[in-house]
Amino acid sequence: MTARPALALVSLILIAGAALLIFLTLLGGAIDRNPTNQFYFLEANTEGLGNAAPLTRWTFWSTCSVNDGRNVCPGVRAAYPFDPRRNFETEDIFGGRKYYLETRFMFAFVIIGLFFAVCALFLGVLAIVSRIGSFLTSATCSIALFFQTVTAALMTAAYVQGRDAFRAADRTASLGRYNFGFMWAAVACLFLATVMLCVGGVTGKKDKTYSSRTGGRKFFGRKKSTRSNRDRGSFIDPERQRRMDKEDDD
């Protein structure tokens, strides 16, 4: 029995975990339900800034005020950018094209990454039964890994800089530990799954080659043994014939 099925099964669990973490991050700010209403990228003191609430949280979908530690989002819009100057319609705070583009592209990349992660999850069934399935699933998973890594990098760049900018303006700010943890954990899961699927494909090939070689040796061994017996028989028969002829002469 090869190690491929076990590696493929573990990889499927990792891919499913990554897809779930990405999906939970996407739900933050979109659905007012526990626990997703506690998921956000950045929380900052925005009191006195244009139309902002005293405390604001940024999600994929909106800027949300905070009530009893939970997000209160008045409306949702896909790919909502992190750009405080634009968000609050004021010139009294930082902002600009850099923050806007980083977070807009982040939303697009996370959707693409989730799509390929789900595709890899379905293709992973083939990885259990064939080497080609392992390599095909690994290729799909690596695409999901690429887009998820870019998403996590853009998230880190935009919101860490934003947090530092708020603090530089003497305002409290903190990163959302759930969203950051989920996004980077998804990267780790997809990376491990990609490596394990590749190892499973290569391992299956080695096991198949070894089995074929072992079977070949047994086959040739039997042929040699049969031929040897036949040869021995060909030597024994003439000898026996000579003895019988000698006894007849006597």
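1. Aromatic cluster. In this predicted model, one aromatic cluster is formed by Phe 41, Trp 58, Phe 60, Trp 61, Phe 82, Phe 88, Phe 94, Tyr 99, Phe 107, Tyr 159 and Phe 166. The count of aromatic pairs comes to 20. Among them is the pair of Trp 58 and Phe 82, which is edge-to-face, with 5.0 Å from centre to centre and 85 degrees between the planes. This pair links distant parts of the chain, 24 residues apart: Trp 58 belongs to strand E2 (residues 55-58), and Phe 82 to the loop between strand E4 (70-72) and helix H2 (84-87). Trp 58 is buried, its relative accessible area being 0%; Phe 82 is likewise buried, with a value of 0%.

2. Charges over rings. Lys 98 is placed over the face of Tyr 99, 4.9 Å from the ring centre. Tyr 99 is itself one of the residues of the aromatic cluster.

3. Overall composition. The protein contains 5 helices and 5 strands. Their order along the sequence is α-β-β-β-β-α-α-α-β-α. Of its 250 residues, 39% count as buried.

4. Packing of H3 and H4. Helix H3 (residues 97-129) packs with helix H4 (residues 131-168) at an angle of about 155 degrees, and the two axes are 7 Å apart. Angles over 145 degrees count as roughly antiparallel, so H3 and H4 are roughly antiparallel to each other. The crossing of H3 past H4 is left-handed. Sorted by class, the contact between these helices comprises 25 nonpolar, 11 polar and 2 charged residues.

5. A cis peptide bond. Most peptide bonds are trans. The bond joining Asn 34 and Pro 35, however, is cis, with omega of about 10 degrees. Pro 35 is found in the loop between helix H1 (4-27) and strand E1 (42-45).

6. Positive phi angles. Most residues other than glycine have a negative phi. Asp 68 is not a glycine, yet has a positive phi of about 55 degrees. This residue lies in the loop between strand E3 (63-67) and E4, and it counts as exposed because its relative accessibility is 70%, where exposed means over 50%. Glu 89, also not a glycine, has a positive phi of about 55 degrees. Its place is the loop between H2 and H3, and at 66% relative accessibility Glu 89 counts as exposed.

Conventions
Residues are numbered from 1 along each chain as its sequence is written. This is a predicted model: local features need pLDDT of at least 70, side-chain atom pairs count only at pLDDT 80 or more; totals for chains, interfaces and linings use all residues. Side-chain values use heavy atoms; hydrogens and water are left out. Rings of Phe, Tyr and Trp (its six-membered ring) pair if their centres lie within 6.5 Å; planes under 30 degrees apart count as stacked, over 60 as edge-to-face and the rest as tilted. Helices (H or I, at least four residues) and strands (E, at least two) are DSSP runs, numbered from the N terminus. Buried means under 20% relative accessible area, exposed over 50%, partly exposed in between (1.4 Å probe, protein chains only). A charge sits over a ring if NZ of Lys or CZ of Arg is within 6 Å of the ring centre and within 35 degrees of the ring normal. Axes are lines fitted to C-alpha atoms, for helices over the stretch in contact, and angles run from 0 to 180 degrees between N-to-C directions. Angles under 35 degrees count as roughly parallel, over 145 as roughly antiparallel, 65 to 115 as roughly perpendicular and the rest as oblique. A crossing is left-handed if the near helix is turned anticlockwise from the far one by less than a right angle, and right-handed if clockwise. Ala, Val, Leu, Ile, Met, Phe, Trp, Tyr, Cys and Pro count as nonpolar, Asp, Glu, Lys and Arg as charged, and the others, Gly among them, as polar.
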